[in-house]
Amino acid sequence: MKRKSALLCGNGLMGVGMIMMLGGLACSVLNQLPQLHFTPLVAHSAVMGIFIGALLWVAGARMGGHERISDRYWWHRRFDARCRRSGHR
């Protein structure tokens, strides 16, 4: 897959994942209202939608190359000796 198409596909998956997470969250919150009578299948599907949306988000970030930057900074802050202040005194 070319870089541009991988970036577009990754961003699309991230967008679908975000929409799925927000929809699942909204459905889970609306399930708590006593006026709305959701079936147990819809209630469980809403919670499952949050997790599937998160997986799509992570897969899209991986495919689009967005995870490298945050992982690199996370690694530097915690484990790279060159970036710690305690060793520079």
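Helices H1 and H2 each supply at least two residues of a nonpolar patch, helices being DSSP runs of H or I with at least four residues, numbered from the N terminus. The model is predicted, with local features needing pLDDT of at least 70 and side-chain atom pairs counting only at pLDDT 80 or more, while totals for chains, interfaces and linings use all residues. Residues are numbered from 1 along each chain as its sequence is written, and side-chain values use heavy atoms, without hydrogens and water.

The patch lies on the surface and consists of Met18, Leu22, Leu25, Val29, Trp57 and Val58, with about 540 Å² of accessible area together. H1 gives the most to it, with four residues, and Val29 has its place in H1.

| Helix pair | Axes come within | Crossing angle |
|---|---|---|
| H1 (residues 3-31) and H2 (residues 40-64) | 7 Å | roughly 160° |

H1 and H2 are therefore roughly antiparallel to each other, a term for angles over 145 degrees. The residues of the contact of H1 with H2 divide into 22 nonpolar, nine polar and no charged.

Key:
Axes fitted to C-alpha atoms, helices over the stretch in contact; angles between N-to-C directions. Parallel < 35°, antiparallel > 145°, perpendicular 65-115°, else oblique. Nonpolar A, V, L, I, M, F, W, Y, C, P; charged D, E, K, R; others polar. Patch = residues over 30% accessible without salt bridge, like charges linked within 9 Å, V, L, I, M, F, W, Y side chains within 5 Å. Areas by Shrake-Rupley, 256 points an atom, 1.4 Å probe, with all protein chains shown as cover. Salt bridge = Lys/Arg side-chain N within 4 Å of Asp/Glu carboxyl O.
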